[in-house]
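Have the sequence and the 3D view open as you read.

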Amino acid sequence: MKTKKTKLLSLVTATTIGTSLVTFGGFNANAYSDTKPSNIQGAYYYINEVEYEVPKNQIANFVSNDTVTELPTDPSKKSMSSKSQKIAPRAGCNGEEGWVFSAKRTASGFKLGASGSRVINDTPDDITETSLLSTDTQVNGKLSGKSKVNWGVIEGEVGFEIGGSVTWKTQESTTITVRPGYWGWIDYGAYTETWEGDYYYVTSTCNIKDNTKIKVMGPKYKAKMARSEPFSY
């Protein structure tokens, strides 16, 4: 896959209200998450600040959050093939003890942080304008099933900092190209993974204690989507 180094420029664009262009913000993206794959121009994720495009055949999975998205450039192959192990003491305890997370990835895809301002095009030609963030936005990890865990144990199983966060800054607002009669916007967020399994303690004598089923969702990569659909005047 061809990749490109992307620098998200700091842009300040004045809002224009007139016969040709209207931009507006104020959408609470945490209250509204568009799951229609049909209006996505493109979806992108970032590994070490390099931009990659989500394959077209994975777009529907990318927005569903109920299935697994396969990203061909994902270096963490473990997360694509890991299978939950049966609850059993670790082989050859030899006096060692500690917490274990035996889990599998059950879902992955886009988690919305915030939508940028929407651009309406009522000109006869394509226009390219900035979909502005009104404030910094963040996507955080989420744990259910237990109040306290050893995040190092969980992250050792899933292969990334699942308990961390991804932040988009206002100065990272980016452009979108909108067709005549359409409006468009950028959704800013993260590619997340959901893992479910058993979290338990193995004693020095290889006994299992305090087994609890947990579910953890966390942001793996920064991601965004460009969306566009017909506008009803």
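Over the ring of which residue does the charged end of arginine 118 sit? It's tryptophan 185, with the charged end 3.7 Å from the ring centre. For this, NZ of Lys or CZ of Arg must be within 6 Å of the ring centre and within 35 degrees of the ring normal. The table shows this case along with another one.

| Charged residue | Ring | Distance to ring centre |
|---|---|---|
| Arginine 118 | Tryptophan 185 | 3.7 Å |
| Lysine 222 | Tryptophan 168 | 4.5 Å |

A quick note on the source: this is a predicted model, where local features need pLDDT of at least 70, side-chain atom pairs count only at pLDDT 80 or more, and totals for chains, interfaces and linings use all residues. Residues are numbered from 1 along each chain as its sequence is written, and side-chain values use heavy atoms, with hydrogens and water left out.

Now for rings meeting rings. Rings of Phe, Tyr and Trp (its six-membered ring) pair if their centres lie within 6.5 Å; planes under 30 degrees apart count as stacked, over 60 as edge-to-face and the rest as tilted. That rule gives 11 aromatic pairs. Phenylalanine 62 and tyrosine 191 are stacked, because their planes are at 5 degrees, with centres 6.3 Å apart. Phenylalanine 62 is buried at 0% relative accessibility, and tyrosine 191 is buried with a relative accessible area of 0% (buried means under 20%, exposed over 50%, partly exposed in between, with a 1.4 Å probe and protein chains only). Both residues also belong to one aromatic cluster, along with Tyr45, Tyr52, Phe110 and Tyr221.
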